[in-house]
Amino acid sequence: MSVSLSLLEITQQLGGSVSDSSATLINRVGSLAFAQDGAISFFSDTKYTAQLKTTSASAVIVKPEHASLTSLPKIITDNPYAYFAQLSQLLNPEYIEVAGIHTSAVVDPSAHISEACSVGVNAVIAANVTLGKNVTIGAGCVIERNSVIGDNTKLEANVTIKYGSQVGQNCHLFSGCVIGNDGFGYAENIVSDNQKYWVKIPQIGRVIIHDYVDIGANTTIDRGAIDDTIIEEGVKLDNLIQIAHNCRIGAHTVIAGCVGIAGSAIIGQHCKIGGAAMILGHLTIADNVTISPGSMIMRSIHKAGTYTALMPFQEHEAWLKTAANIRHLSQLTDKMGKLTDKIKVLEEAIEKLTSQRQT
Amino acid sequence: MSVSLSLLEITQQLGGSVSDSSATLINRVGSLAFAQDGAISFFSDTKYTAQLKTTSASAVIVKPEHASLTSLPKIITDNPYAYFAQLSQLLNPEYIEVAGIHTSAVVDPSAHISEACSVGVNAVIAANVTLGKNVTIGAGCVIERNSVIGDNTKLEANVTIKYGSQVGQNCHLFSGCVIGNDGFGYAENIVSDNQKYWVKIPQIGRVIIHDYVDIGANTTIDRGAIDDTIIEEGVKLDNLIQIAHNCRIGAHTVIAGCVGIAGSAIIGQHCKIGGAAMILGHLTIADNVTISPGSMIMRSIHKAGTYTALMPFQEHEAWLKTAANIRHLSQLTDKMGKLTDKIKVLEEAIEKLTSQRQT
Amino acid sequence: MSVSLSLLEITQQLGGSVSDSSATLINRVGSLAFAQDGAISFFSDTKYTAQLKTTSASAVIVKPEHASLTSLPKIITDNPYAYFAQLSQLLNPEYIEVAGIHTSAVVDPSAHISEACSVGVNAVIAANVTLGKNVTIGAGCVIERNSVIGDNTKLEANVTIKYGSQVGQNCHLFSGCVIGNDGFGYAENIVSDNQKYWVKIPQIGRVIIHDYVDIGANTTIDRGAIDDTIIEEGVKLDNLIQIAHNCRIGAHTVIAGCVGIAGSAIIGQHCKIGGAAMILGHLTIADNVTISPGSMIMRSIHKAGTYTALMPFQEHEAWLKTAANIRHLSQLTDKMGKLTDKIKVLEEAIEKLTSQRQT
C-alpha cells in the first residue's frame, strides 16, 4: 500500500503550518542524509545544518526558529521529531492481520474472543482467556489460562503470556517475550553444614501491564511473589530486558536493551534507563531519572538527574596500569595522608628555622 | 482451589512448634506489610520489628528468640523463611496439567512417554525421546531426538531442548529457554593477510542437567564442544542467563538474571552469583563463593568469600571528573612517587639546616 | 553414523602432511586431556606440552616446529586448530533433516520453496516467502511474509524471522533468535510539563544478513528505522546478543554472548567483541579491533588494537574501600595539586634559608 499526501493534507491531520502552498507530494520519510525525491525529513538540531543544506528530501519538518535555514518546502512545528514520528505512522500504516481465528489455532471453548481479533497460525488460547476488540495474536503465541489482553493490543509471533496476566489496551508485545514467568524466589533450607538446598517460594502474584506499553523481543517480566509486578501506562521496553518479580515501572519510562531490574525495585515515571544498565532490588528511583548505559545502580535515587557508573575504556596496555592502580587506590590514599602529615612537619620545621633566623 | 489449615495441622506436616492451641485457620501467605486476615507471614530480621508490630496477618512464623516480640498466634522454627516457602507450597499447590497428549502435539512413534505425562498443544516430541513419569511438556515445546526428561520435570510453554540433552528429575524449565544449543566454537583459518574466516568446530558434547534444577525464561545453556556441559543437582538459574559450552555449575548454586558464564568455567557448589555478573572462560570458582551483581570475574577464585567489581555510581557531572581522574590514575600515582621523592629531599635539607643551626 | 578415516585419507581431503605411512584409523576428535583410542587431538601451544606427552589420543595435529615433540602418528599443518575444526566437521557431518514439508507445517500458497528443503513440524511459512535450495526450517519456526532465506541455510527450532528479512546462504540461525524485530525508536511528544508520552517511529527498514553468518540462541537483531540493519559475510554471533536498528556488523567479526550494540553503530571487519561488552549507538569501530569482555565502549575507535574498560574485582571488604576512594578521586587529585603547591613553597623557603646561611 502506498500513501501520497501534500504538505497541506499532512498539516490538516497533524497540525503545524506549511511554509507555502506547495503542491509537493510526500509518500515516505527519510533521513536528511539518505532521503530521496518524494521523501520528507526532519531537522531539529543545528549540528546537522550541513546535511540540511545538501539533502535530497522533497520537504523537511523544522522548528519555527530554523525555518530560515532551508528553502525547501517545509512544515513548521515545535517538535519536529515527534511530528516526524506521527507522520511516519500516517505514511506507514501498521500491517493489519486478517481478522479471524486460523484453523490451526487451538482456542479453549471457555475463552472469550471479542470482535475483529486475529488469532494466528498455531496460536494457543487457553481456558478463560479474554481478548479485547481488534487484538492480534501472532503465530505460535501461547496465552495461558485466565489472562486478559486489552483492545487493539498486538502480540507478534511466539510470545508467551503466563496464566493470569493482564495486558492493557494498545500494547505491542514482540516475539519471544515472556510475561508472567515465575519470579526467582527461593529460601535456603539449611539441614546441616553439609546439607543445604533451595526451597522454591511459590510465585502467586501476577503481571499487570497498563495501556500503551511496548515490550521488546525476548524480554522477560516475572510475576509477583505475593503481590503483583506492574508496568504502568506508556512504558516502552526494548529487547532482552529482565524485569524481576514485584517491580513497578512508572508511566512513560523507557528502558533500552539488555537492562536488568532486580526484584521489588520501584522505578519512577518518565525515567530513561540506558542499555545494559542494572538496578538492584528493593530500590526506589525517583521520577525523571536518567541512568546512563551500562551503569549499575546500587542505592535508591531520590532526585531527578542523570546518574552514571562506568569505567572509561582505554587501550589494553594502559588499562592494565589503570587496573593495578585502582586495586592500590586505598594505599595511594593512605600514602597521600602520610605525605600530608610529613609536609605539615616540614612546614613547622621551616617556620621554626625561619623565625630563628629572624631573631 | 483453596486450602485452609490450622497452625497445628501445619506443624504436623512441616514441623516447628505452635505458640498456643490456637484454632486460627490459615489459607494464604502474605508479607508483614500487606498480609490480611487469614494470611500467615514470617519474621526473621529485627529490621522489620515495626512491621511485625502492626501487621494484619493472622499468624506469623518466627525464630525461638523472636517469639516474645509478638502476641500473634505463631509457629516457632529455626528458619522462618524456608518454613514460609514450604508452607506456601502447601497452600499453593502447583497447577497440574491434565495428563495425556494433546491431539495437536506431534509425537514420534519411537518416543517413550511414561505414565501420567502431559504433552501440551503443538508440542513436538522427536525420535527416541524419553519422558519419565509425570512429566509436563508445555504448549509449543520442541524436544529434539534422543533427549531424556526425568520424572516429575515440568517444561513451561515454548521451551526448546536440542538433541541428546538429558534433563533430570523434578526440574522446572521456563518458557523460551534453549538447552543444548551449539556452543560458540570457531577456529580462525588464515588463508592470507586479506583472507581470514572462521571455521566452525562441531559441538559434539551434550548438556546434562541433574535433578531439582530450575532454569529461567529465555536462558540458554550450550552443549559441550567435545565433552559435556553439566548443571549439577539443585542449581537454580534465573532468566536471560548464558551458560557457554563445557561449563560445570556446582550443586545448589544460584545464579541471578542476565549473568553470562563463558566457556569451560567450573563453578563450585553453593555459590551465589548476582545479577548481570560475568565469569570469564576456563576459570575455576571455589565452593561457597558469592559474586556481587554486575561484577566481572577475570581470574579463578580459590577461596570462599564475597567478591565485587563495581564502579560506584555518581551524578553524571561528578562522574565525568571521576572518569577523567581514573584515566589519569597512572599519572597520579607517578606524581605521588615524585612528591614522595621531593619530600625526602626537603626533609634532608631541613635536617641539614637544623643541624647547622644547632652547631 | 560413524566415519573412520586413516591419516592419509584425511590429508587427501584437507591437506597437510602425514608423519609416517601409519594405518592408524581415526573416528573422532578429542581434547589432549580426554581423548581416547581412535581419537585425534591437536597441539598448537607449548603450554600444553605436558598434556601432549601423556595423551591417549591415537594421533595429533601439530605445527611443523612441534612435530618433534611427540612420537604419536601425526598430521603436520600450519594451523592445527583450524585443521582440527575442519576434520571434526568431516567426522561429525551435520545432521540432515529429511527433506519435505511436514504435514503440520502451514505454508502459504504464494511461498516459493526450492528443492530439497525441509520444513519442520508446526513451522509457518507466510506469503511470498522464498526458501533457497536445501534450506532447513526447524520445528515451530515462523517466517513472515516477503522474507528470503538463501541456499543451504539452517534455522533451528523456534526461530522467528519478521517480514521482509533477507538471510543469505549457508547461514545457521539458532533457536529463539528473532530477526527483523522493530527497532526501539520513539520520539517524545511533550504536550505540557505534566503530559509527555512516547510516539513510536515506524521501523520501515529491513534486516539483511549476508552469507555464512551464524546467529546464536535468543539473539535479537532489529530491523532498520528507515535504512537497513546489515550483518556482513561470515559474522558469527553468540547467544543473547542484541543488535539494534541500523547497525552494520563488518565481515568476519565475532561477537560473544550477552553483548549489546546500540543503534546505528558501525562495526568493522574481523573485530572480536568479548562477552557482555556494550557498544553505544552511532559509533564507528575500525577493522581488527578487539573489545575485552564486559567493556563499555563510549566513543568511536579508529585504530586496530585491544580496548578494555573493567573494574578489577576484589574481596568485598577491599572493594568497599576502593569504591569509596574512587568516589573521592577528584578530591584526591585536588589534594595532590595542593600538596604539590605546598612543596613548591617549601622548596623555595628552604632554598632561601640555605642561601641565607651560605651568605
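**Close-up 1. Two helices of chain A cross in this predicted model.** Here helix α1 (residues 7-14) of chain A packs against α3(A), with an angle of about 105° and 11 Å between their axes. Angles of 65 to 115 degrees count as roughly perpendicular, and α1(A) and α3(A) are therefore roughly perpendicular to each other. Which residues make the contact? From α1(A) come A:Ile10, A:Gln13 and A:Leu14, while α3(A) brings in A:Tyr83, A:Gln86, A:Leu87 and A:Leu90. Sorted by class, that gives five nonpolar residues, two polar ones and no charged ones.

**Close-up 2. An open sheet in chain A has five strands.** Read across the sheet, the order is β2-β7-β6-β5-β4 (chain A), and the pairing is mixed. At the edges sit β2 (17-18) and β4 (28-29) of chain A, each pairing on one side only. Helix α3 (residues 80-91) of chain A turns up again here: this helix packs on the sheet and touches β4, β5 (39-43), β6 and β7 of chain A. The direction of α3(A) makes about 160° with that of β5(A).

**Close-up 3. Strands β6 and β7 of chain A pair up.** In general, strands of a sheet pair through backbone hydrogen bonds, either parallel or antiparallel. Which sense applies to β6 (residues 59-62) and β7 (residues 74-76) of chain A? They pair in the parallel sense, over three bridges. Look for A:Val62, which stands opposite A:Ile76 in β7(A).

**Close-up 4. Chain C meets chain B.** On the chain C side, 65 residues are in contact with 65 residues of chain B. The elements of chain C that give two or more residues to this side are α3 (80-91), β40 (314-315), α4 (316-327) and α5 (329-358). Which of them gives the largest share? That's α5(C), with 13 residues. Taken by class, the side of chain C that touches chain B has 31 nonpolar, 28 polar and six charged residues.

**Close-up 5. Chain C is laid on chain B.** A turn of 120° and a shift of 0.1 Å along the axis put chain C on chain B with an RMSD of 0.2 Å. That's the relation of a three-fold axis.

Technical notes. Residues numbered from 1 in each chain as written. Chains lettered and ligands numbered in written order. Predicted model: local features only at pLDDT ≥ 70, side-chain atom pairs only at ≥ 80, totals over all residues. Pairing = 2+ DSSP bridges. Helix = DSSP H or I, 4+ residues; strand = E, 2+ residues; numbered from the N terminus. Contact = placed C-beta atoms within 7 Å. Axes fitted to C-alpha atoms, helices over the stretch in contact; angles between N-to-C directions. Nonpolar A, V, L, I, M, F, W, Y, C, P; charged D, E, K, R; others polar. Parallel < 35°, antiparallel > 145°, perpendicular 65-115°, else oblique. Least-squares fit on C-alpha atoms with pLDDT ≥ 70 in both.
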